[in-house]
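Trainee: I would like to learn how to read a structure, feature by feature. Please take me through one.

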Amino acid sequence: VFGSLVKDDFVVVLFSVSFVFCVLWLGTKALFLACVAICAIVVAFICAICFYLPGISYFMQFNQLAIFILLGVGADDIFVFSEMWRLGCSPRESDVN
């Protein structure tokens, strides 16, 4: 029973990561940036688990939501940075006059 639950949850996580990857790729129009963003999110999750688990004797179901929170925050950061990059490259109104 536990194995099937873990398998079903892992499918949901894989679908979520692939969906966020596609949204990042389409939103930024950069495959490399989407790949690096997903890698950074995965590394952040692994680092968080490595710091969190040694001090905790139990792992609640609420803690499993961390990957979804990290996906959302990481994707949002990439969109903010790419928009700031795009705005920084465009000519300013004061430069045109």
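Mentor: We go through confidence, helices, the core, aromatic pairs, cysteines and a few loop residues.

Trainee: What should I know before I start?

Mentor: This is a predicted model, in which local features need pLDDT of at least 70 and side-chain atom pairs count only at pLDDT 80 or more, while totals for chains, interfaces and linings use all residues. Residues are numbered from 1 along each chain as its sequence is written, and side-chain values use heavy atoms, with hydrogens and water left out.

Trainee: What is the mean pLDDT of the chain?

Mentor: pLDDT is the predictor's confidence in each residue, from 0 to 100. The chain has a mean of 83, and 91% of its residues reach 70 or more.

Trainee: Which residues of H2 are buried?

Mentor: Buried means under 20% relative accessible area, exposed means over 50%, and partly exposed is in between (1.4 Å probe, protein chains only). In H2 the buried residues are Ala 34, Ala 37, Ile 38 and Ile 41. They lie on the same side of H2 because they cover an arc of only 95° around the axis; the arc is that of the directions from the helix axis to the C-beta atoms. The other side of H2 has Phe 32, Cys 50 and Phe 51 exposed.

Trainee: Why do residues three or four places apart point the same way?

Mentor: An α-helix has 3.6 residues a turn, so such residues point the same way.

Trainee: Which residues make up the largest nonpolar core?

Mentor: In soluble globular proteins, nonpolar side chains tend to be buried together. A nonpolar core is a set of buried Ala, Val, Leu, Ile, Met, Phe, Trp, Tyr and Cys residues joined through side-chain atoms within 4.5 Å. The largest one here has nine residues: Val 20, Leu 24, Ala 34, Ala 37, Ile 38, Ile 41, Leu 71, Ala 75 and Ile 78. At least two residues of this core come from each of H1, H2 and helix H3 (66-89). H2 gives the largest share, four residues.

Trainee: What are the buried residues of H3?

Mentor: They are Ile 67, Leu 71, Gly 74, Ala 75 and Ile 78. Val 73 is also found in helix H3, but at 47% relative accessibility Val 73 counts as partly exposed. The C-alpha atoms of Val 73 and Ile 41 are 8.9 Å apart in space, although these residues are 32 apart in sequence.

Trainee: How many aromatic pairs are found?

Mentor: A pair of aromatic rings is described by the distance of the centres and the angle of the planes. Rings of Phe, Tyr and Trp (its six-membered ring) pair if their centres lie within 6.5 Å; planes under 30 degrees apart count as stacked, over 60 as edge-to-face and the rest as tilted. A search of the whole structure finds two. Phe 15 and Phe 19 are stacked, at 6.4 Å centre to centre with 20° between the planes. These two are four residues apart in helix H1 (residues 2-28), and so about one helical turn separates them. Phe 21 and Trp 25 form a tilted pair, at 5.9 Å centre to centre with 45° between the planes. Phe 21 and Trp 25 are also four residues apart in H1, about one helical turn.

Trainee: How many disulfides does the structure hold?

Mentor: A disulfide is a covalent bond between the sulfur atoms of two cysteines. The cut-off is a pair of cysteine sulfur atoms within 2.5 Å. The structure holds zero. The sulfur of Cys 22 has its closest cysteine sulfur in Cys 35, 11 Å away, too far for a bond.

Trainee: Where is Lys 29?

Mentor: Lys 29 is in the loop between H1 and H2. Its phi is near 60°, a positive value in a residue other than glycine. Lys 29 is exposed, with a relative accessible area of 72%.
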